[in-house]
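Work through the exercises below with the sequence and the structure at hand. Each task is followed by its solution in steps.

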Amino acid sequence: MSSSLRWIVAASVLLAFWGVVMCQSKYSWMWYDQYDEVDQHFSTVNGQNCHAKSKEELVLRPDAVSQLPVYNQLLNRIWYKNRTALIHLHNMALNRAFFYSYILQKMNDSASFYIQPNWLYMYMSSVADINANPYTLNGSAIYFDKDCHYPNWYETVPFNNTLPLFGPKAWRWDDWQDQDNYLREPTRRTAAVADLGAGRSMNYTHPMFKMNPWYGKWLPDLDGGLDSLTKFTYYVGIKYSNETGKFTKDEFEAYPFFGPSSPSAIETDERMLPVVWTQPYFDCGRFNKWVVSAVSPVVDYMPRYSNWTHLRRQRIVGVIVMDTEFKQTDFNACDVGMGNPGPSYLSHIHRCRTTTNCKHRMGMGFRRGGYNCPCKTGTKYPWNVEPPWKGEIIEQATDTEYFNSFTCEVSDLDQLEGVSIVGGTNDVSSGGLQLETQEVSSLVGKDVLARHIRSTNESTLSFQPGDGAKKNVYGDAIWSLQHGHVIKSKNDAGEEEESIMPVRPLVRVPYGMHHAVESVHDKRPITKAQINEALRRRHQEAQSARRDNVHGNPARPDKESKPKPGPEPRGQSYSRRKRASVFDEQAFNRMMRIFRQKDTVNKGNCHTLASHNLMLPGDVAYGVHTQFEVEARTALRLSHFLNNFLQNTDPAENFGNLRGGGRLHQEHVFGEVIANVMGNFKIYSAGVFFDRYMFENQDGTKREFFGPWAYRKDGGYYAIDTAGLNTRYVDEEWFQAMKGRWATNFFGLETYKMRSYIRSNPQGTSSIRHEHFPLIYKAPEYSAGYWTRPRFKCDGMVDAWVVTYVTPFFGLDKLKLKLEFKGVVTVDVPLNLLEINPCPQGFGVANAFKNTARCDYFSTTCSVIAGYPFQRGSYKCACRQGFEYPHYDGREWFQGSLLESEYEKKIRGLYSRYDQLYCRVAGASQLSSPGVLLLTALLLSWVVGQRQL
């Protein structure tokens, strides 16, 4: 090879190397992180190749999902909206575990063998879980352990014999290719259900089975050493009724049963919890997506039918498994901390700049950009940016855009929100920095030029650190120096100095103050004459301001002379910033009347009050349809099951050697409503109410009324047949409303399908289609239900303010040809857990609390703070675009509770910061560059010169 050729090759190699190094993508700033690792794992597994993957490749790390709900923390911890679906998944698993534990033990005798829930009941129950929760649940199953299920539905299986395995599982079926789906769009109204104990290689108890991370949580339960810890004895009091208006017994019949454990509030051992979680895994061959499962145990006496009862023990015979799609579950990309407790593998992958914080954004699922980047305290947004910086925009930025934007500017003037004042007759604290104990320069910093102490009448008492000598500071009031309040601080040299702040006088009273107020500053009452004098002075000041058009601060009195009481000189007025607001005083007064009415009713006096005093306006329950949607869907799930069962079962119908569904038994319905109450802390009561002569007994006779209703009271659970009460539930307003809407008009009901697969023989050799494939039923959606107005349930049982969700269910008529209204399902949720929305809303919004927030809407916007149910002040006021938060207190917004309390102080004549709780106009962080100014001046000079020519 010639030397020239070698030089050409060497130059080409160097040029290629330089191109690799220098010519990078415009998105090269995006580093490889944990999200990319998980996403890359997703791309390697799908429904076509999952069978060839190892078990380790079909699971993710356990900490890929964080902040999983824990049973004994559901009541003492604030759970945000991004965990609502997981909490519902948790509660539904517990609901089904309570039901099957109750019904299997309640009917654990040979006389009840053939009326126990059979295969069709379990199939339809699992399908109802899926169809009633289209965006939350994607799988529902009950898996029985080996030789733990006694089939009452197989003609060829003798009594007291078990099946090797039985595991009915339902999952959401993607019906976009179904022949009756003309639009070719998924409807989320079709579920497939199959017995996973049937078929080749379907032994889900084997350690090599790929989709059973839930099995080892509870099964097999062969050792009774932990029975007292992993099982708990529950007692349910039941009242039955065989005739209208009368119970079979006047007292409750206590029925005990073993169910999932009930741990203490401090228990942390996963084995003692009633619901545990699996790591994310790929549901291969069924849903074919990554799922997360909630698992809860089903308890029964084993062996079931034996004359040697002393050999029986309560045993976990199966597990309930509820699945949700992993990609629909939010993850918090911010750093691990108080608001994002670990362990969390997907934390700390946000791309917020150093001048901003990171705040999670809900509802994004497994996607990048599920966060916002608000400015840190002491910084502000650029004037042309609508806050906050959004993560989804940052994730799409190029390297040039990222490194030259998405940052906050330093704010030159920060204020401390309050100081503590010592000395005199009392200590006055405005809730801010303790200046007498903390060093000002270390906490405030060099950029802080002043602090401000707010008083009731909009005065501003400013004090500059490092001024050296003692000095008096004045506001717009008449001050008295007789007490000598002292503010201690340190100057720039580190020397301690004191500043004397006078005491607010007795006479100066804000407008609108109540007469019965005492002055906490000098502990002397304010007389009516003093109030009249203050009002007269304010009137004179207003007239003087209008006449002379003078707006300024009053002249401060001489340092050596004490101010004299009396009228102030004409021409001196006090400037006041008017709060721009849409605050509705009438709405606020109405809100206070609602609170008073609610607080005055209790279980001790409700019997003496008129019926209208036990009801609140319907707009008080604004937001209940979203905040309690998952509780309402618990009732909707039971409605779906009843619709499917009553429309597709015939007591005399069998399918080969499979018995049909039979009839509903009263214990089935009692078990369902009891499970609805026991499985969710927010459900106070639940019921199923059949219309007249719509419920059939096992012998085919019909009852006039049948209405099982369960409730919780004083930590116990009770259930009654409301047919035994003296009043008729069919006369209630909520029942009449539902019957009037659905008795003859079924428009609005949706069509749901169940694609069922059954085992071919008792041994489970294979899985085949059911004879009726698919089964179709009509049922309502969530929006077809009805929320009642808030009412105090004064019945000696619930005795609380509740809101009730009512949804109908339907069956076929006697000829099996037409739909027929059968009754309603209800749940009661507590009004005390409803979060109110006081922010501005339109005229047509039925919200009793709208427009009652005291934000300054010229400079701030209002939004609700989660976790403060039915309380005033549960909102925040964040700065608008072009404004900045003025205080150096670690926040970026004003809390509504602070505004409410400061306003109360103001009207009571106490020191208040209310009129200073607003955002100021954002100013420039620094002067423009001298070069830019010079270029601008030269340009202007040239333009002027050209015009003169």
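**Exercise 1. Helix α4**

Task: State how many residues of α4 are buried, and check the length of helix α4 against the 1.5 Å a residue rule.

Solution. The model is a predicted one.
- Step 1: A residue is buried if its relative accessible area is under 20%. In α4, 13 of 13 residues are buried, so the helix is mostly covered.
- Step 2: Helix α4 takes in residues 119-131, 13 residues in total. The expected span is 1.5 Å times one less than the number of residues, which gives 18 Å.
- Step 3: At the start of α4, the backbone nitrogen of Leu120 has a side-chain oxygen of Asn118 within 3.3 Å.

**Exercise 2. An open sheet**

Task: Give the strand order of the open sheet of three strands, and name its edge strands.

Solution. 
- Step 1: The order is β10-β11-β13, and the pairing is antiparallel.
- Step 2: β10 (359-360) and β13 (389-390) each pair on one side only, and they are the edge strands.
- Step 3: β10 and β11 (residues 371-373) are joined by two bridges. For His360, the bridge partner in β11 is Tyr371.

**Exercise 3. Cavities**

Task: Find how many cavities of 30 Å³ or more there are, and describe the lining of the largest cavity.

Solution. 
- Step 1: There are nine cavities of 30 Å³ or more.
- Step 2: The largest cavity has about 90 Å³ of volume.
- Step 3: Its lining includes Leu104, Met122, Phe144, Asp300 and Arg304.
- Step 4: Sorted by class, that lining has six nonpolar, three polar and two charged residues.

**Exercise 4. The second largest pocket**

Task: Give the volume of the second largest pocket, and say which residues come closest to its centre.

Solution. 
- Step 1: The volume is about 780 Å³.
- Step 2: The lining has 28 residues; Glu732, Trp734, Arg791, Lys793 and Asp795 are the closest to the centre.
- Step 3: At least two lining residues come from each of α15 (733-742), β32 (791-792) and β34 (819-830).
- Step 4: By class, the lining is made up of 13 nonpolar, seven polar and eight charged residues.

**Exercise 5. Asp915**

Task: Decide whether Asp915 is buried or exposed, and find the polar contact of its side chain with Lys906.

Solution. 
- Step 1: Asp915 sits in the loop between α16 (896-908) and β39 (920-921).
- Step 2: Asp915 is buried, because its relative accessibility is 4%.
- Step 3: The side chains of Asp915 and Lys906 make a polar contact at 3.0 Å.

Notes: Residues numbered from 1 in each chain as written. Predicted model: local features only at pLDDT ≥ 70, side-chain atom pairs only at ≥ 80, totals over all residues. Heavy atoms only, no water. Helix = DSSP H or I, 4+ residues; strand = E, 2+ residues; numbered from the N terminus. Buried < 20%, exposed > 50% of the residue type's maximum accessible area, 1.4 Å probe, protein only. Polar contact = N/O pair within 3.5 Å; in protein donor to acceptor, adjacent residues only side chain to side chain. 1 Å grid on protein atoms, 1.4 Å probe; cavity = no way out; pocket = protein on both sides within 12 Å on 5 of 7 lines; lining within 4 Å. Points joined across faces, edges and corners; volume = space filled by probe spheres on them. Nonpolar A, V, L, I, M, F, W, Y, C, P; charged D, E, K, R; others polar. Pairing = 2+ DSSP bridges.
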